[in-house]
Amino acid sequence: MPPRSDNILLELQDINKSFRTKHIQTNALKNIFLKINKGDFLAITGPSGGGKSTLLSVLSLLDKPDSGAYLYQNKPLGNLSFDQMAAFRNRKFGIIFQAYNLVGDLTVSQNIALPLKYSTSIPKQNWTKLVSNALHSVDLMPRAHHYPAQLSGGQQQRASIARALVTSPSVIFADEPTGNLDSENKNQIISLFRKLNEEGITICMVTHDLEIAEQCRRQLVIRDGALFD
Ligand SMILES: Nc1ncnc2c1ncn2[C@@H]1O[C@H](COP(=O)(O)OP(=O)(O)OP(=O)(O)O)[C@@H](O)[C@H]1O
Ligand SMILES: [Mg+2]
């Protein structure tokens, strides 16, 4: 049954993106059509160089396509500037990377508070509570005042998830979130995603790990820039 239009959170229509260097043009995304529903738990898989990270960057408004339409809740976002994209991302999305991307000279709490500092809508008096809720939801309260280098890989990834959660995003985008983790930590991250998804957050994850992808509710494959549902 096709999804009801009021259930579609995000939609790509005929998206194309290529990269040109001096000697080569790569068509990284070719005529991509994709609908992500509210509450989806989606894995994007495919071979290295297939276009996974490029697709996630376009979906999460980190990068712009060359052509095609991007709709959020059935409304085309139009031609946003990079500043407007950043503001939209800050309000609606949480983004997680394989390499965690925590700031080394800030504590876990300070890292988690960063998106709040860029937010224009969350009052400062709520920050402490929001950071502590986010820490709690990833089970990292005892590590609040540690620095990233003092944490294990799994703990660093949980801190980066808390940072993504602190603004109560509608969607979490994650690029290979378990790529640097052993199987125990991988499972912990996936359980955490499952819990967040049950609480209503839409999750869209890139992974080349098929065991991980199988635990997601929906799987897409992107190969040579073409998406297969
Ligand atoms: N900034 C860039 N400049 C030039 N080419 C790029 C750029 N970013 C990506 N590409 C090319 O676009 C294609 C898709 O890259 P992408 O990073 O999306 O692949 P991927 O599926 O995420 O691969 P991996 O599993 O290795 O992370 C590749 O051929 C890559 O070389
Ligand atoms: Mg990639």
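Helices and strands here are DSSP runs, numbered from the N terminus. Asn 31 lies in one of them, strand S2. Keep in mind that this is a predicted model.

Start with Asn 31. Most residues other than glycine have a negative phi. Asn 31 has a positive phi of about 45°, although it is not a glycine. How open is this residue to its surroundings? Asn 31 has a relative accessibility of 47%, so it counts as partly exposed. The cut-off explains the label, because exposed means over 50% and buried means under 20%.

Now move from Asn 31 to Ser 67. The two are 36 residues apart in sequence. In space, their C-alpha atoms are 9.0 Å apart. Ser 67 lies in strand S4. Its relative accessibility is 33%, so Ser 67 is partly exposed. Leaving out residues up to four places away in sequence, Ser 67 touches Asp 14, Ile 15 and Asn 16.

Go back to the end of strand S2. A loop joins S2 (25-37) to strand S3 (41-45), and Asp 40 is found in this loop. Is Asp 40 buried or exposed? Asp 40 is buried, because its relative accessibility is 12%. What does it touch? Not counting residues up to four places away in sequence, the contacts of Asp 40 are Lys 35, Asn 197, Ile 201, Thr 202, Ile 203, Arg 217 and Arg 218. With Arg 218 there is also a polar contact, side chain to side chain, at 2.7 Å.

Next comes the ligand. Ser 53 uses its side chain, with a polar atom 2.9 Å from an oxygen atom of the ligand. Thr 54 also uses its side chain, where an N or O atom is 2.6 Å from an oxygen atom of ligand 1.

The chain runs on through helix H1, which covers residues 52-59. Here 6 of the 8 residues are buried, so the helix is largely enclosed by the rest of the structure. Which residues of H1 are buried? They are Lys 52, Thr 54, Leu 55, Leu 56, Val 58 and Leu 59. Leu 61 follows H1 and has a positive phi, near 60°.

Lys 64 sits in the loop between H1 and S4. Beyond residues up to four places away in sequence, Lys 64 touches Lys 17, Val 58, Asn 79, Leu 80, Ser 81, Phe 82 and Met 85.

H2 spans residues 82-92, and its buried residues are Met 85, Phe 88 and Asn 90. What covers them? The cover includes strand S4 (67-72), strand S6 (93-97) and helix H3 (108-118).

Follow H3 to its contact with another helix. H3 and helix H5 (residues 153-165) pack at an angle of about 30°. Their axes are 7 Å apart. The crossing of H3 past H5 is right-handed. Which residues meet there? From H3 come Val 108, Asn 111, Ile 112 and Pro 115. From H5 come Ala 159, Ala 162 and Arg 163. The residues of this contact divide into 5 nonpolar, 1 polar and 1 charged.

Ser 168 is in the loop between H5 and strand S7 (171-175). Its phi is near 55°, a positive value in a residue other than glycine. Ser 168 has a relative accessible area of 56%, so it is exposed.

Terms used. Residues numbered from 1 in each chain as written. Chains lettered and ligands numbered in written order. Predicted model: local features only at pLDDT ≥ 70, side-chain atom pairs only at ≥ 80, totals over all residues. Heavy atoms only, no water. Buried < 20%, exposed > 50% of the residue type's maximum accessible area, 1.4 Å probe, protein only. Helix = DSSP H or I, 4+ residues; strand = E, 2+ residues; numbered from the N terminus. Contact = heavy atoms within 4.5 Å. Axes fitted to C-alpha atoms, helices over the stretch in contact; angles between N-to-C directions. Left-handed = near helix turned anticlockwise from the far one by under 90°. Nonpolar A, V, L, I, M, F, W, Y, C, P; charged D, E, K, R; others polar. Polar contact = N/O pair within 3.5 Å; in protein donor to acceptor, adjacent residues only side chain to side chain.
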